[in-house]
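This report goes through a single protein chain by topic. The sequence and the model come first, and the notes follow.

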Amino acid sequence: MNDMMKTLVRTGPGTPTGDLLRRFWVPILLSSEIAEPDGAQVRVQILGEKLLAFRDSEGRPGLISEFCSHRGASLYFGRNEDNGIRCSYHGLKFDIHGKCVDIPQAPQMCAKFHITGYPCIERAGMVWAYMGPPDKQPDPPGVEWANLPESHVFVSKRLQECNFLQAMEGGIDTSHVSFVHKFEVDDDPFHQGTKANEYIKKDGNVTFEVERHKGGLTLFGRRNGEPDSFYWRVTQWIFPWYNLIPPFGDHALGGHVWVPIDDHNCWAWSINFHPDKPLSAEERRHLEEGKGVHCEYEPGTNVPGGTWRPKANKDNDYLIDRKAQKERRSFSGVFGFAAQDASLQESMGSIQDHEAEKLLPSDRAIVMARRMLYEATVGLQQGAEPPGLEPRAQHVRAAGVLLPRDQKPQEWAREHLVYGENQPVYSL
């Protein structure tokens, strides 16, 4: 593995890419996992750090080190009460900022016993934390779905057992839709009944153009449309870990966030939303059932502090059905968009052997994303500010559109998708 890839897959404390990712607001867990003030605290591991999430007596979310500064006992076994976690071993107490507010045996020594604590906010039913230098804290995230009423948004998370980079690159790669998802788009409630399905299934020879902007990359995937037009799937990669998926017909828009748990596992956050209306009861029911980009879970795992491991996972070969594959009901024999993607991305190993890969022209966006992440990582070590920190840089949308064969999609996108919150949703 070359030096660039060795750098990008390591995200723990003190690593160059870990330092870069900590400059952004990080999705930590669902707000519902710490629903009640003074409720049970939840273990969380993010970017290689073992942490504890809880909600204090005033309802404020907190994220602190899991371990007491006295003897290193886990605060998971402590008491959440009276605006803090009190260690069950010797009674030291810590607030949502990690500040030690009481030492029964030596109250005068509190200032020497503070632990790590990260500021938190809540958006879209998620708790986010800022884990970087306090004086560099950015404004809250500007991605569209994180700033809509909760009635308009559905968010889920699942464990993905591989490095965040190869999972995220699967989200960037739109050419795979014509293959692994080919036979499921007609049946899934968030894809069925749309013209886009026809174009995707008919043309697997996707031609790509990529445009870099200050907030990330816009990917233009061209397929044959009508005799006088091309069908363009316009996907967004927003620095450093967001994807926006082109919508299908009148169905909800979609997206992902890929957050490292450690170097070998990540959280795959999946989002569906309508910019201008609530999700319907039927849509929400389908989403809760794991349809679309979401999933079903192993029984008992989708609970506060649970593993959130999908029902279809590497230990059961993702419930592969060879009969369904032969009957062309599933391209790979695996069902569900999330499971189909995870089966292939995890099959590469928890950290892909990048030296062995041979890239195609359709991988240009992946190469550019890697380069942008690496340049930002190196730049940060040299004192440069990362790209995409300003919320305005995250104000883009994905789209599906038919354009005349002689029209440049970049010009159309700059007019309709950048800062396009007041534009209609462009979909087929």
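Asn163 sits in the loop that runs between β12 (153–160) and α3 (164–172). Helices (H or I, at least four residues) and strands (E, at least two) are DSSP runs, numbered from the N terminus. The model is predicted: local features need pLDDT of at least 70, side-chain atom pairs count only at pLDDT 80 or more, and totals for chains, interfaces and linings use all residues. Residues are numbered from 1 along each chain as its sequence is written, and side-chain values use heavy atoms, with hydrogens and water left out.

Asn163 has a relative accessible area of 1% and is therefore buried (buried means under 20% relative accessible area, exposed over 50%, partly exposed in between, with a 1.4 Å probe and protein chains only). A polar atom of the Asn163 side chain lies 2.9 Å from the backbone nitrogen of Leu165. Not counting residues up to four places away in sequence, Asn163 touches Val9, Asp263, His264, Asn265, Cys266, Ser350 and Ile351; contact means heavy atoms within 4.5 Å.

## Cysteines

The structure holds 0 disulfides, a disulfide being a pair of cysteine sulfur atoms within 2.5 Å. Cys110 is in no disulfide, and its nearest cysteine sulfur, that of Cys100, is 4.1 Å away. Cys162 is in no disulfide either; the nearest cysteine sulfur, at 5.1 Å, belongs to Cys266.

Where do these two residues stand in terms of accessibility? Cys110 is buried, with a relative accessible area of 10%. Cys162 counts as buried at 0% relative accessibility.

## Domains and their interface

The chain is divided into domain 1 (25–130) and domain 2 (144–417); the bounds come from an automatic or database domain assignment. Their C-alpha centres lie 33 Å apart. At the interface, 18 residues of domain 1 are in contact with 20 residues of domain 2.

The area buried between domain 1 and domain 2 is about 1500 Å², and carbon and sulfur atoms give 69% of it. Buried area is the accessible area (1.4 Å probe) that two parts lose on being put together, summed over both. On the domain 1 side, Leu30, Glu33 and Ala124 lose the most area to domain 2, together 31% of what that side buries.

## The β5 to β8 sheet

An open sheet is formed by 4 strands in the order β5-β6-β7-β8, with antiparallel pairing. β5 (79–80) and β8 (100–102) stand at the edges with a single partner strand each, so one side of each is left without a neighbour in the sheet.

β5 is joined to β6 (residues 85–86) by 2 bridges, and these strands run antiparallel. Two strands pair if DSSP finds at least two bridges between them. Asn80 stands opposite Ile85 in β6.

## Two hairpins

β2 pairs with β3 (residues 49–55) in the antiparallel sense over 5 bridges, and the partner of Arg43 in β3 is Leu52. The hairpin of β2 and β3 has 2 residues between the strands, and Leu47 in the turn has a positive phi of about 50°. Val42, Val44 and Ile46 make up the covered face of β2, while Arg43 and Gln45 make up the uncovered one.

β10 (residues 120–123) and β11 (residues 126–130) pair in the antiparallel sense over 4 bridges. Cys120 has Ala129 as its bridge partner in β11. The hairpin of β10 and β11 has 2 residues between the strands, and Ala124 takes a positive phi near 55° there.

## Backbone geometry in loops

Asp38, in the loop between β1 (25–30) and β2 (42–46), has a positive phi of about 60° although it is not a glycine. Asp38 counts as partly exposed, at 33% relative accessibility. Tyr318 is found in the loop between α5 (281–288) and α6 (322–326), and its phi is near 60°, a positive value in a residue other than glycine. At 9% relative accessibility, Tyr318 counts as buried.

Which peptide bond is cis? The one from Phe239 to Pro240 is, with omega near 0°. Pro240 is in the loop between β15 (229–238) and β16 (242–245).

How values were computed. Polar contact = N/O pair within 3.5 Å; in protein donor to acceptor, adjacent residues only side chain to side chain.
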